[in-house]
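Here are my notes on the model you asked me to look over. Have the viewer open while you read.

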Amino acid sequence: MGKLLGRLCLSCLFLLACAVSVAGTKADTERTTSFYLSVGKAQIKDTYLSIIPYKGPDWNVGLERFAVSRFGNHRWNTRHLLEGEMAYASSDRRNTSVMSYMLSYEFMFYRRYELKCGLNFYVGGVSMLDAGAVYNPRNGNNPVSAKAALNFGLSGMAAYRLHIKKYPINITYSFSLPAVGVFFCPQFGASYYEIFSLGNRQDWIHFGSFANYMTVINRLTVDLPVNRRSLRIGYEGKFRSMHENHLVYKYYSNSFIVGITWDSSLAAASPRLKKKQAEARAVAQNY
């Protein structure tokens, strides 16, 4: 792990040096679109399939859209995030494995608060829709555990722009913490044949709260300017937990993000920063 962190730090320093040496300016708009890939490790435990925890690699692909609303003096913002996730995990003895597939959509609505130092805080709510499945090929009767949930909760973000010479570096941290919702969970020992073919749908939709269903997502990203685009690198951590009908589902993952961002940056949504950047460009044109 120490060698891996050292390599990641060296890679970040190399990319930062390359970004600082690139010439060109970046246009400020009111929308940001990002496409990214992430790879890391995941730990999965689903007692509907097995009581054994599984560990293995995790891959994600995501598309993010951040927009500044025109009303309210540009202080209201929306954020859409669509992400596909796949994990292949094995037991400690390497004699069995599971595959996890998840598609999630997050919609966030923020109110922006700007400090004089240029730091922007975004506070608001999130609605999150998750759908997927965990597959265990060794199970005969119940090889699949389906996942579906709709949750609502809190979301926040902090964005800061620093400059190395005249090149902007955007640092952003965000989190999502759903608090209430509904989710799917069959009864203990019930098969999907009973649910969907025989119509035994008793006690399979549940009200979710911190007591029986929790999701926590953290993201830390850095956008480095490269020509007219930005290279995005960062970290994403996820935690999902479900306890219902004597069944337990837990999912942990830690991933390294790399992607590309265009149109604008999160920090560029500040009218005060836009004014400062316009003044800086006007001064630079006089030389």
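1. Ground rules. This is a predicted model, where local features need pLDDT of at least 70, side-chain atom pairs count only at pLDDT 80 or more, and totals for chains, interfaces and linings use all residues. Residues are numbered from 1 along each chain as its sequence is written, and side-chain values use heavy atoms, with hydrogens and water left out.

2. Strand pairing. β1 runs antiparallel to β2, with 14 bridges joining them, and 14 bridges also join β1 to β11, again antiparallel. Strands here are DSSP E runs of at least two residues, helices H or I runs of at least four, numbered from the N terminus; strands pair if DSSP finds at least two bridges between them.

3. Asn 60. Look for this one in strand β2 (residues 54-68). Asn 60 is buried, at 4% relative accessible area (buried is under 20%, exposed over 50%, partly exposed in between; 1.4 Å probe, protein chains only). Beyond four places in sequence, the residues touching Asn 60 include Tyr 36, Glu 83, Lys 238 and Ser 255 (contact means heavy atoms within 4.5 Å).

4. Cores. The largest nonpolar core has 21 residues, and Ile 44, Val 98, Phe 183, Met 242, Tyr 249 and Tyr 251 touch the most other members. Such a core is a set of buried Ala, Val, Leu, Ile, Met, Phe, Trp, Tyr and Cys residues joined through side-chain atoms within 4.5 Å. β11 gives the most to this core, three residues.
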